[in-house]
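User: I have a model open and would like to talk through its packing with you. Could we begin with the rings?

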Amino acid sequence: MAKDVDKKCESATEQPRKKRRVWLRVLIWLVVLLLLGGGVAATYYHVEKNKESEAACYDILTNNYEPADYEDFLTRFPGSVHAEEVRKRLGALRQMLNAWAAIERTGTKSDFVRFKNDFRNPRFDHLCDAKIDSLDWLSAQHIGTV
């Protein structure tokens, strides 16, 4: 009879331990799932924030004539869907700025007419027109006409 009582006592103490283990496992799985969900949410937030930042930086390049801004975009977003287009625009911008630097201080009207025809650009069209007008004015003053 003493053996029966000991067995009952042992089985009574084993049941709460098993219940505790089950709850502990459930709690561990719950914590793991919460951590994974938080990690996924943080990654999604970071990706979306990066896309917004990329779009804002890309918009800045509209009507922009600073090669450093294009280089900064390519440094910050090398895998962007706009990266190839930005590289092409940067190359064209550098070519245009180099051509402008070569003729900017010249006194030849034909250089500015050629530049204006080669590089259709509102900002530089205005600068070319101003330079052509000033050269015409200087030429008119030189020959003594109005």
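Analyst: Tyr65, Trp100, Phe112, Phe115, Phe119 and Phe124 are linked into a cluster by ring pairs, where rings of Phe, Tyr and Trp (its six-membered ring) pair if their centres lie within 6.5 Å. This is a predicted model, in which local features need pLDDT of at least 70 and side-chain atom pairs count only at pLDDT 80 or more, while totals for chains, interfaces and linings use all residues. Residues are numbered from 1 along each chain as its sequence is written, and side-chain values use heavy atoms, with hydrogens and water left out.

User: What does Trp100 touch?

Analyst: Not counting residues up to four places away in sequence, Trp100 touches Phe112, Phe115, Phe124, Leu127 and Cys128, a contact being heavy atoms within 4.5 Å.

User: And how many aromatic pairs does the structure hold?

Analyst: The structure holds eight aromatic pairs. Tyr58 and Phe73 form one that is tilted, at 6.1 Å centre to centre and 55° between the planes; planes under 30 degrees apart count as stacked, over 60 as edge-to-face and the rest as tilted. That pair links distant parts of the chain, with Tyr58 in helix H1 (residues 2–60) and Phe73 in helix H2 (residues 67–76), 15 residues apart.

User: Are Tyr58 and Phe73 buried or exposed?

Analyst: Tyr58 is buried, at a relative accessible area of 15%, and Phe73 is buried as well, at 1%. Buried means under 20% relative accessible area, exposed over 50%, and partly exposed in between (1.4 Å probe, protein chains only).

User: Which residues touch the most other members in the largest nonpolar core?

Analyst: Of its 22 residues, Phe73, Val86, Met96, Trp100, Phe112 and Phe115 touch the most other members; such a core is a set of buried Ala, Val, Leu, Ile, Met, Phe, Trp, Tyr and Cys residues joined through side-chain atoms within 4.5 Å. H1, H2, helix H3 (83–103), helix H4 (109–118) and helix H5 (122–143) each supply at least two residues of this core, and the largest share, seven residues, comes from H3.

User: What about the fold overall, helices or strands?

Analyst: The chain has five helices and zero strands, taken as DSSP runs (helices H or I, at least four residues; strands E, at least two) numbered from the N terminus. Of the 146 residues of the chain, 20% count as buried.

User: Switching to cysteines, how many disulfides are there?

Analyst: The count comes to zero disulfides, with a disulfide taken as a pair of cysteine sulfur atoms within 2.5 Å. Cys57 counts as buried at 15% relative accessibility, and Cys128 counts as buried at 0%.

User: Where do Asn63 and Pro78 sit?

Analyst: Asn63 lies in the loop between H1 and H2, and its phi is near 55°, a positive value in a residue other than glycine. Most residues other than glycine have a negative phi. Asn63 counts as exposed at 66% relative accessibility. Pro78 is found in the loop between H2 and H3 and is exposed, with a relative accessible area of 53%. Leaving aside neighbours within four places in sequence, Pro78 is in contact with Ala83 and Arg87.
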